[in-house]
Amino acid sequence: MPEQLSLLLPVWAGDQPDFLTEAFRSSVDDQTRRPDEVVIVRDGPVPAALEERIAKLAVTSPVPVEVVALERNVGLGPALDAGLAACRYAVVARMDADDISLPHRFAVQMPIIEGGADIVGSGLLEFGEHPDDVVGTRTPPTEPRDIRTRARFAVPFNHPTVVYRRALVRSVGGYTDFPLMEDYLLWAKMIVAGAQVANLEEPLVKYRVGAGAYARRGGLRQLRVEVALQWRFRSMGFTTGGQFARNLLVRGGYRLVPERVRRIAYRNVIATYRS
């Protein structure tokens, strides 16, 4: 039976009004199967122009919009947890405020959820200055066994593309606060809990590659988060001792290499790209 869908879209002060409009319209107005509601999480105060754009999108939307306004910036993980608490429907789709959904995204993903999957992601197209400036295709593993295997070393889903069951996400504790890796921790917890996983090779989202994307993935702060994450995986029984050691060496080392090397390593080792 068809199920209803909540779209979860976080916004913070660094987002651009025009990019937000593109993200919203592509994920709502332009969809051949629209979500049944949108939950926008305003993660702390935002500039007046962005506040006005959020309000305009809410009143002109073809589906109901709820704005969850957080008093202070809490970060992506906690903001998404606040949004999940506000979602009314059992199935939730993620969207970022600067990406673009292809028009058939939910028409393709929802039948897979309705067929029994707990989470389904897809490939994505990375773009630069404009949506037609495609600079890469990130293709996830598609077989459930391959998804679970990949998850022991690298993120198995492209976060901006996922649709999942809200109850399972909340039952494992939600996102929590692991900057740049809150999604990875969530996928691990869901897999440990027995989630039925699925991915589509087809790109269903266009992902904006902003300046500083690779710089943010490195440094001592991210190394500390990486080490904490790997300890968490080991304590959960998600990884073996050998996998734990490998991840500390490879993923930990990735945090400390120069940015130009990190870019190459990400595209060839950490993520999966296809030309």
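## Helix 7 and helix 8

At what angle do the axes of helix 7 (residues 182-192) and helix 8 (residues 220-236) cross, and within what distance do they come? In this predicted model, the two axes cross at roughly 5° and come within 11 Å. Angles under 35 degrees count as roughly parallel, and helix 7 and helix 8 are therefore roughly parallel to each other.

On the side of helix 7, the residues that take part in this meeting are Y184, L185, A188, K189 and V192, while helix 8 brings L229, R232, F233 and M236. Sorted by class, the contact of helix 7 with helix 8 holds seven nonpolar residues and two charged ones, with no polar residue.

## Helix 7 and one of its residues

Helix 7 is mostly covered, since 10 of its 11 residues are buried. The buried residues of helix 7 are E182, D183, Y184, L185, L186, W187, A188, K189, M190 and I191. Just after helix 7 comes G194, which takes a positive phi of about 90°.

Is A188 buried or exposed? A188, which has its place in helix 7, is buried, with a relative accessible area of 1%. When residues up to four places away in sequence are not counted, A188 touches F233, M236 and F238. Between A188 and R232, which are 44 residues apart along the chain, the C-alpha atoms are separated by 9.9 Å.

## The nonpolar cores

The largest nonpolar core has 36 residues, and the members of this core that touch the most other members are L8, I119, Y164, W187 and M190. At least two residues of this core are supplied by each of strand 2 (37-43), strand 3 (65-70), helix 3 (76-86), helix 5 (144-151), helix 6 (166-171), helix 7 and helix 8. Helix 7 gives the most to this core, with seven residues.

What does W187 contact, leaving aside its neighbours within four places in sequence? The residues in contact with W187 are I119, V155, P156, F157, H159, V162, Y164 and Y175.

## Helix 1 and helix 2

A second pair of helices is formed by helix 1 (residues 17-27) and helix 2 (residues 48-60), which pack at an angle of about 20° with their axes 9 Å apart. Helix 1 and helix 2 are therefore roughly parallel to each other, and their crossing is right-handed. The contact is made by P17, D18, L20, T21, F24 and R25 of helix 1, together with A49, L50, R53, I54, L57 and T60 of helix 2. Seven of the residues in this contact are nonpolar, two are polar and three are charged.

Within helix 1, the buried residues are P17, L20, T21, A23, F24, S26 and S27. These buried residues of helix 1 pack against several elements, namely strand 1 (5-11), strand 2, helix 2, strand 3, strand 5 (100-101) and helix 4 (105-114).

## Partly exposed residues

P111, which is found in helix 4, is partly exposed, with a relative accessible area of 41%. Leaving aside its neighbours within four places in sequence, P111 is in contact with R33 and F106. The C-alpha atoms of P111 and P2 are separated by 7.9 Å, although these two residues are 109 residues apart along the chain.

Most residues other than glycine have a negative phi. In the loop between helix 6 and helix 7, where T176 has its place, this residue shows a positive phi near 60° and is not a glycine. T176 is partly exposed, with a relative accessible area of 29%. L180 also has its place in the loop between helix 6 and helix 7, and L180 has a positive phi of about 70° although it is not a glycine. With a relative accessible area of 45%, L180 is partly exposed.

## The chain as a whole

The protein chain has 10 helices and nine strands. Of its 275 residues, 52% count as buried. Among the contacts in the protein chain with a separation of 6 or more, 81% are accounted for by residues 24 or more positions apart.

Note on methods
Residues are numbered from 1 along each chain as its sequence is written. This is a predicted model: local features need pLDDT of at least 70, side-chain atom pairs count only at pLDDT 80 or more; totals for chains, interfaces and linings use all residues. Side-chain values use heavy atoms; hydrogens and water are left out. Axes are lines fitted to C-alpha atoms, for helices over the stretch in contact, and angles run from 0 to 180 degrees between N-to-C directions. Helices (H or I, at least four residues) and strands (E, at least two) are DSSP runs, numbered from the N terminus. Angles under 35 degrees count as roughly parallel, over 145 as roughly antiparallel, 65 to 115 as roughly perpendicular and the rest as oblique. A crossing is left-handed if the near helix is turned anticlockwise from the far one by less than a right angle, and right-handed if clockwise. Contact means heavy atoms within 4.5 Å. Ala, Val, Leu, Ile, Met, Phe, Trp, Tyr, Cys and Pro count as nonpolar, Asp, Glu, Lys and Arg as charged, and the others, Gly among them, as polar. Buried means under 20% relative accessible area, exposed over 50%, partly exposed in between (1.4 Å probe, protein chains only). A nonpolar core is a set of buried Ala, Val, Leu, Ile, Met, Phe, Trp, Tyr and Cys residues joined through side-chain atoms within 4.5 Å.
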